[in-house]
Amino acid sequence: MEIPALKICTKCLVPQSLDAFGTDNNTRDGKATRCILCKRQESVRYRTQNPEKVRAATAKWTRENPEKRRTYEQTHKTEKQARGKANYLQNKALMNAQSAAYYLTNRAHIRQKQAEWEASHRQERNASLRRRYAQNIEKYHEKGRAHYWQNREKMLAQNALYFATHPDAGQAKRERRRAAKAQTSLNDLTTAQWQEIKDAYGHRCVYCHRKMQRLTQDHITPLSKGGAHTKTNVVPACQPCNSKKRDKAPLVPVQPLLFTIAPSKPHTQRKKS
Ligand SMILES: [Zn+2]
Ligand SMILES: [Zn+2]
């Protein structure tokens, strides 16, 4: 029987088999002078004693090896998430208090950043909201119903007041509903845009040029012909002209507004009070 070669660790001075040592090409036997356990302890001590140095070194490595870093992130994603989660669960109260305090002192800044992000990532954000909504549709319906029944009186009163003081909003809502019924490809005309369209045309019917308070939304390509309920397909028309046109082509050639104002907002976004 062959006796395995033993090597003494220069740190803990314990004789151990060669497997207990890592590789080191600078030594005669190709093995490190300290055992793996000692090295590990040393590394942990160094890391806790020199957090800035470690952070700087990691940052430097990341800068120099972006590809490797990305691969590392991808292969260790679940571990990282698990670590974050465990850390949170352990320090939940403290972390919640910290983030609440941070939010309170930086509220304006946070909200502004959030708004900026949302404005520049509108499609992504909408897609993710839609996905989340679709995945939890029952939950959202349930929540909505509960909220409605709990606040019914208040909500009905608020709605009535809002539509009484904003006749345009009522009109816009009815038009949107009509467009939804016609299953248009695009249904994003907002009340504000409708107001801007009317302002731009001087509150006149595009066909007979009469100036009037009550203008209807005329779809250049009719909804029934697949036209969209969106700012580039809507012009103001008086009721008689709109009725005369019905679902035919415009009575006279009409140039829709080439908009540079007010980008479309999804109409489901309500202003928070
Ligand atoms: Zn050792
Ligand atoms: Zn008219």
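This is a predicted model: local features need pLDDT of at least 70, side-chain atom pairs count only at pLDDT 80 or more; totals for chains, interfaces and linings use all residues.

Reader: How many helices and strands does the protein have?

Author: There are twelve helices and six strands.

Reader: And what does the radius of gyration tell me here?

Author: The radius of gyration is taken over C-alpha atoms, and the globule rule is 2.2 Å times the number of residues to the power 0.38. For a compact globule of 273 residues that would be near 19 Å, but this protein has 33 Å. Along the principal axes, its C-alpha atoms fill a box of roughly 105 × 45 × 40 Å.

Reader: What share of the residues count as buried?

Author: Cut-offs before the answer: a residue is buried if 20 or more other C-beta atoms lie within 10 Å of its own, exposed if 12 or fewer, and partly exposed in between, with C-beta atoms placed from the backbone. By that count, 11% of the 273 residues are buried. Back at α4, the number of buried residues among its 14 is zero, so that helix is hardly covered.

Reader: Which other helices can I look at in that way?

Author: None of the 14 residues of α2 is buried, so α2 lies largely in the open. Then there's α9 (residues 152-165), also with 14 residues and a reach of 20 Å, close to the expected 20 Å. The count of buried residues in α9 is zero, and α9 is hardly covered.

Reader: How do I describe two helices that meet?

Author: Two packed helices are described by the angle between their axes and the distance between the axes. Axes are lines fitted to C-alpha atoms, for helices over the stretch in contact, and angles run from 0 to 180 degrees between N-to-C directions. Look at α10 (residues 167-181) and α11 (residues 191-200): their axes come within 9 Å and cross at roughly 110 degrees. So α10 is roughly perpendicular to α11; angles under 35 degrees count as roughly parallel, over 145 as roughly antiparallel, 65 to 115 as roughly perpendicular and the rest as oblique.

Reader: Which residues make the contact between α10 and α11?

Author: Two residues are in contact if their C-beta atoms, placed from the backbone, lie within 7 Å. On α10 these are D168, A169 and A172, and on α11 they are T191, W194 and Q195. They divide into three nonpolar, two polar and one charged. Here Ala, Val, Leu, Ile, Met, Phe, Trp, Tyr, Cys and Pro count as nonpolar, Asp, Glu, Lys and Arg as charged, and the others, Gly among them, as polar.

Reader: Where is R177, and is it buried or exposed?

Author: R177 sits in helix α10. With 12 other C-beta atoms within 10 Å, R177 is exposed. Its C-alpha lies 9.2 Å from that of N187, ten residues away along the chain.

Reader: What about phi, the backbone angle: which value does L13 have?

Author: Phi of L13 is near 65 degrees, a positive value in a residue other than glycine. L13 is in the loop between β1 (6-8) and β2 (15-17), and counts as exposed because it has 9 C-beta neighbours inside 10 Å. H203 isn't a glycine either, and has a positive phi of about 55 degrees. You'll find H203 in the loop between α11 and β5 (216-219). It counts as partly exposed, with 14 C-beta neighbours inside 10 Å.

Reader: What does G22 touch?

Author: Leaving out residues up to four places away in sequence, G22 touches A32, I36 and K39. G22 is found in strand β3 (residues 21-23).

Technical notes:
Residues are numbered from 1 along each chain as its sequence is written. Chains are lettered from A and ligands numbered from 1 in the order in which they are written. Helices (H or I, at least four residues) and strands (E, at least two) are DSSP runs, numbered from the N terminus. The expected span of a helix is 1.5 Å times one less than its number of residues.
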